[in-house]
Amino acid sequence: MKKELNKMIAGILAASICLMTAACGNNVEEGEGNPATTIESGTTEDNLVETAQTSSGADVTIVTTAVASYVDEVEKANGKYPQIILSDDLASKYPKLKAAIDDQNSFWKADCEESVASSAQWAVEMEASSPYCVASGADVVRVDDRMFSIWASYYYDQGGAHPNHYDESINIDPATGRIYTISDVIADTDGFAQAVRDEMTKEYPDSIEGIDEYHYGDGDVFQEKYDEDTYTWFLTDEGLTLYFSPYEIDAYAAGDYEVTLSYEDYPNLVQDIYKLSEKQDIDSIVVKVEGDTITVEPSSGYDDEHDEEESGAITIANPSWDKYTSESVSDIDASIISLTMTKEDKTDWLDTDQWAADNGFDIARMPYSDGVYYYELYEFSDYGATELLIYNADETILLYDYDLSQICQGPDEESGYMTASEEYVRWAQIVEDTLYVSVAHYGYASEEPNNAYILAIDLTSNQLLWKSEPLVANSSNFQVFGDTIICGYGFTAEPDYIYLLNRYNGDVAETIPVASAAEQFEIRGTTLYVATYNTAYEFEIGQ
């Protein structure tokens, strides 16, 4: 049975989505929730926040800023992003909470401004008939000494078959600034997944079979989401509310799902210290205001002075979004390694820097040197790049300069398709006279299934030798051992595997399931170290 607070949170979510779709040029009225106050042009953010908090007595102000990008006075892209501002008293009481929120604010701002700029350029190239949109919104749904909870919503409309949106929860410990995982607050860990299934079956009896059929993994979808900490969740005075975005546990057409596991029906599910004893008056705690619209110049990401003609970058064409093997690739009897797991250390969250330090090596990050070559990406955003520069070891001579934008974004030669989301170079490694590169985007396979490849380039001819099948490599690095490429793919609500590829033709030789997406690979002797979100593995490498 839906109770009043559950409806209130759903109303807040609806308001956030309406606010974001309004930023995309749709004639949508703002939904229920705290009214947004529009400020006059030229008002500074500090004055805005001070005025709003003084007049309302609120502890939290959410400032929404609109962003737009124009070409010849025609709007090509737009968006919105939130900034959460704490009152002086609250910020003074919880400085680590303020620091955590400031970091989130910086991400929202940079992500929106950069995405609107690149979307405008993309809209021009695609001759889009209406502006593209990349918007984010936020609502604060709980504020107390135990927990500060943010419901963040994201909306994308970049010319695909339909817009996409998803939501996330950010539940912060005010005293430490740490983001809570759902396992931090659950008392009945053994019965949690079944409780979610029972409540979903009660609320959506006609959907549970489709949810199970949609699930990629071998286990229970609700248990896997708990193990991987991928729930969007909040604790209110009523109970534990869970929200599932489109594609998260079911097909896009199924829409959103939301259930509340009440304290009354599940008295032992949540630890008592995290329960709210009474309903909070969020309208008196949080005030919303709207700032001015800012404009950004369309940008492909490259500096105007750094183009292919000046840099001499060699463009590698994209023959197909399917697996590709050049006619020049001959059959080679490859000796693929075997992996025998010798260690599996599970935790709530694996600190990869500490993991690397404990095992005597550094985290693999671009740029890097392998002692023979120095690999560097030509950066144009916080996310990555599509141009790869390779120098000699002491960085004095540029040996190779590859433009991989067509491999990452398209169009491909077979269909002329451009990807629905931006992809970037993740890692690169030269073995003998072949350059191996991984490219992927930061998102769901449902947003863009044509991503997460390994490719091989012949350095003597600058020709693409092969391109693997998609969805095998979105880890931050990969390793080449003998005739085998070791890589990994995984994402929220998607299967997580280590893949062993034949390095001569890109064929998948073996698939090894892991607890969560592989992020880092390191080899010492015949030991393969693998770091995932919540598990550290060690494997013995055999031939």
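A crossing of two helices is left-handed if the near helix is turned anticlockwise from the far one by less than a right angle, and right-handed if clockwise. By that rule, α6 passes α8 in a right-handed crossing. This is a predicted model, where local features need pLDDT of at least 70, side-chain atom pairs count only at pLDDT 80 or more, and totals for chains, interfaces and linings use all residues. Residues are numbered from 1 along each chain as its sequence is written, and side-chain values use heavy atoms, leaving out hydrogens and water.

**Helix pair**

- Helices (H or I, at least four residues) are DSSP runs, numbered from the N terminus.
- The axes of α6 and α8 (residues 221-228) come within 8 Å and cross at roughly 130 degrees.
- Axes are lines fitted to C-alpha atoms, for helices over the stretch in contact, and angles run from 0 to 180 degrees between N-to-C directions.
- The two helices are therefore oblique to each other; angles under 35 degrees count as roughly parallel, over 145 as roughly antiparallel, 65 to 115 as roughly perpendicular and the rest as oblique.
- On the α6 side, the residues in contact (heavy atoms within 4.5 Å) are Phe192, Ala193, Val196, Arg197 and Met200.
- On the α8 side, they are Val221, Phe222, Gln223 and Tyr226.

**Salt bridges**

- Side chains of opposite charge can pair when their charged atoms come close.
- The structure holds 17 salt bridges, each a side-chain nitrogen of Lys or Arg within 4 Å of a carboxyl oxygen of Asp or Glu.
- One of them joins Lys202 and Glu199, with the closest N and O atoms 3.4 Å apart.
- Lys202 and Glu199 sit three residues apart in α6 (residues 192-203), so about one helical turn separates them.
- Glu199 is buried at 2% relative accessible area, while Lys202 is partly exposed at 48%.
- Buried means under 20% relative accessible area, exposed over 50%, and partly exposed in between (1.4 Å probe, protein chains only).
- Arg178 and Asp184 also meet in a salt bridge, at 3.0 Å from N to O.
- Here Arg178 is partly exposed at 41%, and Asp184 is buried at 16%.

**Nonpolar cores**

- A nonpolar core is a set of buried Ala, Val, Leu, Ile, Met, Phe, Trp, Tyr and Cys residues joined through side-chain atoms within 4.5 Å.
- The largest core has 46 residues, and those touching the most other members are Tyr375, Leu388, Leu404, Leu435 and Val437.
- A second, separate core has 36 residues, including Ala77 and Val296.
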